[in-house]
Amino acid sequence: MNGLLALSRAIDFANERIGRLVYWCVLVMVLVSAGNATSRYALNMASNAWLELQWYLFAGVFLLCSGYTLLHNEHIRIDVVSSQLSRRAQVWIDVFGIVFFLLPMSLFIMWLSWPVFMNAWTSGEISGSAGGLIRWPARLLVPAGFFLLSAQGFSELIKRIAYLRGLIPDPVERHKDPGLDVVLEVEREGRK
Amino acid sequence: MSAFLIANIAPIMFLGLIVFLLLGFPVSFALAALGLSFGLLGIQLGLLNEALFQALPERIFGIMSNDTLLAVPFFTFMGLILERSGMAEDLLDTIGQLFGPIRGGLAYAVVFVGALLAATTGVVAASVISMGLISLPIMLRYGYDRRLATGVIAASGTLAQIIPPSLVLIVLADQLGRSVGDMYAGAILPGLVLTGFYAIYVLGKTIVHPDAAPALPPEARPLRGWKLAGRVVFVLIPPLALIFLVLGTIFLGVATPTEGGAMGATGALVLALINRRLTWSLLRQAMNSTAKLTTFVVFILVGATVFSLTFRGVNGDLWIEHLLTSLPGGKIGFLIVVNLLTFFLAFFLDFFELAFIIVPLLAPVADKLGIDLIWFGVLLGVNMQTSFMHPPFGYALFYLRSVAPSREYVDKILRRPVQGITTGQIYWGAVPFVVIQVIMVAIVIGFPGLVTGNLEKANFDPSKVKIELPQEAPAEQIEESAPPDFSAPKK
């Protein structure tokens, strides 16, 4: 179990780093898109490569941050029923969900999307629009994103089982973000 | 056994959806897993083609390159940055002083600022939290009725859902296959009418119970006369400028909603910079929250896409269509059932789930019945707004709970203890506003002109954009960047 927990820590670390790196794409995306809009109307110029870059970045954010979002337990749940259950029961639901929903689903999509990437890679597929971007990086994002998600799912599974066996404290509590709201409140208090 | 399965696979799948969602595991994964397992089952039973899932990578690719959804991170980011640049604070403070001398003044200020914030950000959390932090303590200090105070804050915060540039309207437009610009144009009047209803409710309350919302004493209003007038003009400039930058350009047909969002987000950054409130920590927090929100929203769509691939494969859409078209009363019967369904589902689901799972099933039926989809979307939008206010699971109520004092505290100005807000007060406070919401749904059904009347005037015309473009950008690419053409594949 110790070896597995070390693996889980490594995965958490990797996804945390990747998430923190990738979220800068949000800012880049905003600036690129605002630049595109400005150049389109002010200078009457538009470039397909820049327009496509917008959604490459968008796809990069949601695919590569999927593991990061799972690490921080922010994929949306309907907890109407489960919030009434004990913490251990909730963790059991997570174990069940990871084993039967998350891992099969994300591994399956990874397996489906890999040949699509390979195909784009070998054929040198390019966007249908003139001056558009080469396609393989976008095609690669899908298997890469679902790989990160599977890895994080595996790490969460290890942590849930370790928690159920009493080896570690509640893993969800540890990675809970203070969140914007709390930071906001603290800052307000400080300003007064 | 397998004969029974083959005959009833769509209803079984739908039942499975409800069970799996209520389990409390993340919605997106449960949806996708359900779609895949029933897909494999369908292939085993010979109901589905073995190549069914080969279409999946292309579907995901369609979501990635969806230009409309790109607006989601833009508006989220813009809302978060604006919130932190102190705009809401300045607005509430000043408008509160303006309305302060009249009875219920602070409540009107909250409604008015809620609508203004809604028109600039479209993020419920930001509105409710800032109004809860700033105006709730003042309302409590001067003896406002607790239910009125909490209800008006929660409800005004949810205006961000229906007044453009709302995220709900973007997602609905995408799912209904209509342009976001049209959706915005259709929603604006109902949004304003709703704002008016909130204000009327406050007025009614102050007439029936004058003690519920007393006027502010003079010492609570340091600004007066010309000084106040100047301040009002000054604080109104940034939000109005942004509203013009975002909504104005979209309505004039100059910008697509995605571009409007990007311009607005940049504008918000510039504003924060001017106010000297743009710090690295603020920027990182905003990017972090935006990235996570975008991820979970798009993943629900990915899950829903996998689900619907199978559900449509086993003719589940036809089953739903048959159920809904065989209702007595035709169009009206359909609308009543759909609205009741949405209202009750809104107790459990939030609007992203409703929009991605339920709306794609309803839209084709509505279309077949000859219902205008923009009007239908706005109707659902007003209805879904209740999902934020429904006790006990409404998000706006959660946000308000997180910033409202729960224990007795000593007020800094009055120097005497003020009782905390109980959760029950927050819940009961929301009830009248949920009722107003239901009335509004009835009005939108009764007077479709409220929505459709605006459509001709403010039509966003993609063909106009095409002409303005130079040769180096070929037409097919430009078409792709116009809102209606790039929506997620639905068949």
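Reader: What makes helix H7(B) largely enclosed by the rest of the structure?
Author: In this predicted model, 16 of the 18 residues of H7(B) are buried, so the helix is largely enclosed. Buried means under 20% relative accessible area.

Reader: How long is H7 of chain B, and what span is expected?
Author: H7(B) covers residues 124-141 and reaches 25 Å from its first C-alpha to its last. The expected span is 26 Å, and the value is close to that.

Reader: Where is the kink in H7(B) centred?
Author: On Gly132(B), with a kink of about 35 degrees. After H7(B) comes Gly143(B), with a positive phi near 80 degrees.

Reader: Why is the pair of Phe101(A) and Phe25(B) called edge-to-face?
Author: The ring centres are 5.9 Å apart, within the 6.5 Å cut-off, so the rings pair. The planes stand at 70 degrees, over 60, so the pair is edge-to-face. This pair crosses between chains, from helix H5 of chain A to the loop between H1 and H2 of chain B.

Reader: What makes Phe108(A) and Phe53(B) edge-to-face?
Author: Their planes are 90 degrees apart, which is over 60, so the label holds. The centres lie 5.5 Å apart.

Reader: How do you know that Phe53(B) is buried?
Author: Its relative accessible area is 4%, under the 20% limit, so Phe53(B) counts as buried.

Reader: Which residue lies over the face of Phe61(B)?
Author: Arg139(A), at 3.8 Å from the ring centre.

Terms used. Residues numbered from 1 in each chain as written. Chains lettered and ligands numbered in written order. Predicted model: local features only at pLDDT ≥ 70, side-chain atom pairs only at ≥ 80, totals over all residues. Heavy atoms only, no water. Phe/Tyr/Trp six-rings, centres within 6.5 Å; stacked < 30°, edge-to-face > 60°. Helix = DSSP H or I, 4+ residues; strand = E, 2+ residues; numbered from the N terminus. Buried < 20%, exposed > 50% of the residue type's maximum accessible area, 1.4 Å probe, protein only. Lys NZ or Arg CZ within 6 Å of the ring centre and 35° of its normal. Expected span 1.5 Å × (residues − 1). Bend = angle between axes of the 7 residues up to and from the residue.
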